[in-house]
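Student: I have a structure open and want to go through it. Can we start with the ligand?
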Amino acid sequence: AAKAAGKLWFGTAADIPGTGEPEDFYYMQEFNNTHDFGEATPANIMKFMFVEPEQGVFNFTGPQEFLDVAHATDKYVRCHNLIWKSELPTWVTAPAVPWTNATLSAVIYEHVYNIVEHFGDQCYSWDVVNEAFADSPAGSYDNSSIFYDVIGPAYVVEAFQAATDAVRNNSLSVKLFYNDYNIEYLGNKSSAAQALVSDLKARDIQIDGVGLESHFIVGETPSQASQEANMRAFTALGVNVAVTELDVRLPLPPTAADETQQVADYYSTVAACVAVDGCIGVTVWDFDDTYSWIPSTFAGQGYGDLFLQPGGANTPLVKKAAYDGCLEAL
Ligand code: XIL
């Protein structure tokens, strides 16, 4: 249905066995269901702490396993992510010798360049920089990142420059994305991401798209019209957009009204992407409540994904009404 609607994919994030997760036959059966998922995003295994656990020591085994499993069912892979303030190794966050602008910039360059070069076109795209902007004041740089703390806003440009160099020196086709949340509707934070796109383009640095995370709350999801207007503000700059981390959480336990609203919230997000030519696809941030990041991150909340396992882990999955909401929107 997503392909018939002109999109590249409907996809999902996942942590899969072989990248540190327990075996779950039914979960993997659904992950491998090509009727449902044409794209996969590694939820964790490509993040900095896993890929470069010690300075200059790269571990590509888990990421390659993820790529191989996803490619076995012909999925695109949105490789995620290169530079982010979270899930960093301690050698970055607590260095033996304090970083200077020059030494930390060199770390960014080496990390980004080597990884983009190593995986090449196995990745459809890379989220080069993740979540650089703050919510308060909206659109300012997030100053709780060590990269911002030491380097300032230039760290974002440096990361994209390193990725661009790796692409150009190796004649790759991999796309380069900026990815963030609370940029799914017009406002100061979305404007900051748009300004970043324009700045990178003015510097002849590659930026192909912006990921709209879309971690929504039931009943507070931006309207379809609002999401469309925001997507068009990006595509007007000459970049694609993708919905990259869609889930719709709610206070547990769900009421019947919550469930109805959740269907509408999934629908409006998928329908917005369908309506905008430059929106290339929708990815949910995992598909099974059993493995959702929501309950451990937002206390008392959950039920945000498209499937659940009534019998618990490693038992058959059941589609929720939200699944049909997505399908209807395509
Ligand atoms: C989350 C993972 O799902 C969790 O397992 C992990 O503990 C923390 O990170 N925005 C992002 C994702 O870009 O990388 C985050 O993933 C969720 C928020």
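Tutor: First a term: a residue is near a molecule if its C-beta atom, placed from the backbone, lies within 6 Å of it. This is a predicted model, where local features need pLDDT of at least 70, side-chain atom pairs count only at pLDDT 80 or more, and totals for chains, interfaces and linings use all residues. Residues are numbered from 1 along each chain as its sequence is written.

Student: Which residues surround the ligand, then?
Tutor: A43, N44, N130, E213, E245 and W293.

Student: How does that shell split by class?
Tutor: The shell around the ligand has 2 nonpolar, 2 polar and 2 charged residues. Ala, Val, Leu, Ile, Met, Phe, Trp, Tyr, Cys and Pro count as nonpolar, Asp, Glu, Lys and Arg as charged, and the others, Gly among them, as polar.

Student: Changing topic: how many helices and strands in the chain?
Tutor: There are 12 helices and 14 strands, taken as DSSP runs (H or I, at least four residues; E, at least two) numbered from the N terminus. The radius of gyration is 19 Å, close to the 20 Å from the globule rule for 330 residues, so the chain is as compact as a globular protein of that length. That radius is taken over C-alpha atoms, and the rule is 2.2 Å times the number of residues to the power 0.38.

Student: What does the C-alpha trace span along its principal axes?
Tutor: About 55 × 40 × 40 Å.

Student: And how much of the chain counts as buried?
Tutor: Of its 330 residues, 47%; buried requires 20 or more other C-beta atoms within 10 Å of the residue's own, with C-beta atoms placed from the backbone.

Methods
A residue is buried if 20 or more other C-beta atoms lie within 10 Å of its own, exposed if 12 or fewer, and partly exposed in between; C-beta atoms are placed from the backbone.
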